[in-house]
Amino acid sequence: MSRSARAVVTGAGSGIGRAFARELARRKGAVVCSDISVDNARETVRLIENAGGRACVVPCDVAQRSDVEHLASAAIEYFGEPPNLLINNAGVGAGGRRVGTIGFDDWNWVLGINLFGVIHGCEIFAPILRSTQRAGIINVASAAGFNAAPVMGPYCVSKAGVISLSETLAAEMVGSGVSVTVVCPTFVATNVAHNGRISPGPVEFAARMAARGMAPEVVARKSLDANDRGSLYVMPQLDAKLTWRVKRLAPALVTRGMAFSSRLMGVTDYD
Ligand SMILES: NC(=O)c1ccc[n+]([C@@H]2O[C@H](COP(=O)([O-])OP(=O)(O)OC[C@H]3O[C@@H](n4cnc5c(N)ncnc54)[C@H](O)[C@@H]3O)[C@@H](O)[C@H]2O)c1
């Protein structure tokens, strides 16, 4: 699917989304770059066009169902036929408060974008993708979706939901020609720490860890290759692969380990 794809990427204005859009264009695809930040999406399109690729901007707040409905019709109009690859990538970081002190505003904000954004994408695009001969959906979750960490409640819940939705969809799509992939990275070198709602202490920690993380271009390449192969799960880094396996063997140990390592790093002391 990733070669000469007709692709729609959400959150294409920065980080992993921009890397997906550029890699797809490099693979001779045409890309609808959507983002809540139109200026950043325009910059992605400019980079693609400067490299000889084909792309356009469609503004879209994934938390708004009507925006995602508009994104689907704008993509069909741009390509002149249905898209055959959807990348539900848009997401925000959040953290720094224990359950009981988070507040419903933050719960709603994070779940609205990270989980409902992906639900909107899957619900609206699934019939469109099914209507094509071969197609793909890539949902960007996180290792936090199976490796819950203290003071990251809404983020972990949202990403666990994305993994579960992807697994459901993959089972429903067997035999349909639509390949479903869920990506579960640990740290990736993007601006996610600064773009979200993270308390001042943890934001420095998250930014430091992200800066040491995997390049978004590598995550994009691995994810597209996995979707082409029909692989459901992508754990791009070694630590993601290891915790994924250990979680299956000794789940309670992972939870204790997360509590211990977070305390050791001072991550739970900020609320
Ligand atoms: N960077 C990491 O360490 C890391 C690790 C695991 C998972 N992820 C996930 O990767 C995805 C991409 O994040 P990133 O690291 O590239 O961060 P980023 O902040 O660099 O990019 C996120 C993009 O999403 C856009 N966005 C935010 N809210 C939106 C909304 N409501 N509608 C549409 N677009 C919106 C932003 O404008 C931005 O362009 C997210 O889902 C994130 O949770 C990131």
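Let's start at strand 2 (residues 30-35), where A30, V32 and S34 point one way and V31, C33 and D35 point the other way, and all are buried. Buried here means under 20% relative accessible area, while exposed means over 50% and partly exposed is anything in between, with a 1.4 Å probe and protein chains only. Helices (H or I, at least four residues) and strands (E, at least two) are DSSP runs, numbered from the N terminus. With 6 of its 6 residues buried, strand 2 is largely enclosed by the rest of the structure.

A quick word on what you're looking at: this is a predicted model, in which local features need pLDDT of at least 70 and side-chain atom pairs count only at pLDDT 80 or more, while totals for chains, interfaces and linings use all residues. Residues are numbered from 1 along each chain as its sequence is written, and side-chain values use heavy atoms, with hydrogens and water left out.

Now for the neighbours of strand 2. Strand 1 (residues 6-10) pairs with strand 2 in the parallel sense over 5 bridges; two strands pair if DSSP finds at least two bridges between them. To get from strand 1 to strand 2, the chain goes through helix 1 (residues 15-26), and this β-α-β crossover is right-handed. That label applies if, with the strands pointing away from the viewer, the path from the first strand over the helix to the second runs clockwise. T10 stands opposite S34 of strand 2.

E43 counts as partly exposed, at 28% relative accessibility. E43 and G13 are 30 residues apart in sequence, yet 7.1 Å apart in space, C-alpha to C-alpha.

Leaving strand 6, you come to V151, in the loop between strand 6 and helix 5 (153-173). V151 has a positive phi of about 60° although it is not a glycine. Why is that worth a look? Most residues other than glycine have a negative phi. V151 is buried, at 8% relative accessibility. S4 has a positive phi too, of about 50°, and is not a glycine either. S4 lies in the segment before strand 1 and is partly exposed, with a relative accessible area of 48%.

How about the cysteines: how many disulfides are there? The count comes to 0, where a disulfide is a pair of cysteine sulfur atoms within 2.5 Å. For C122, the closest cysteine sulfur is in C60, 13 Å away, which is too far for a bond. C122 is buried, with a relative accessible area of 5%. C184 is in no disulfide either, and its nearest cysteine sulfur, that of C156, is 12 Å away. C184 is also buried, with a relative accessible area of 0%.

Last stop, the surface. F260, L264 and M265 make a nonpolar patch of about 360 Å². Such patches are made of residues with over 30% relative accessible area and no salt bridge, with nonpolar side chains (Val, Leu, Ile, Met, Phe, Trp, Tyr) joined within 5 Å and like charges within 9 Å. A salt bridge is a side-chain nitrogen of Lys or Arg within 4 Å of a carboxyl oxygen of Asp or Glu, and accessible areas come from the Shrake-Rupley method with a 1.4 Å probe; for residues, only the protein chains shown count as cover. M265 is found in the segment after helix 10 (251-264) and is partly exposed, with a relative accessible area of 45%.
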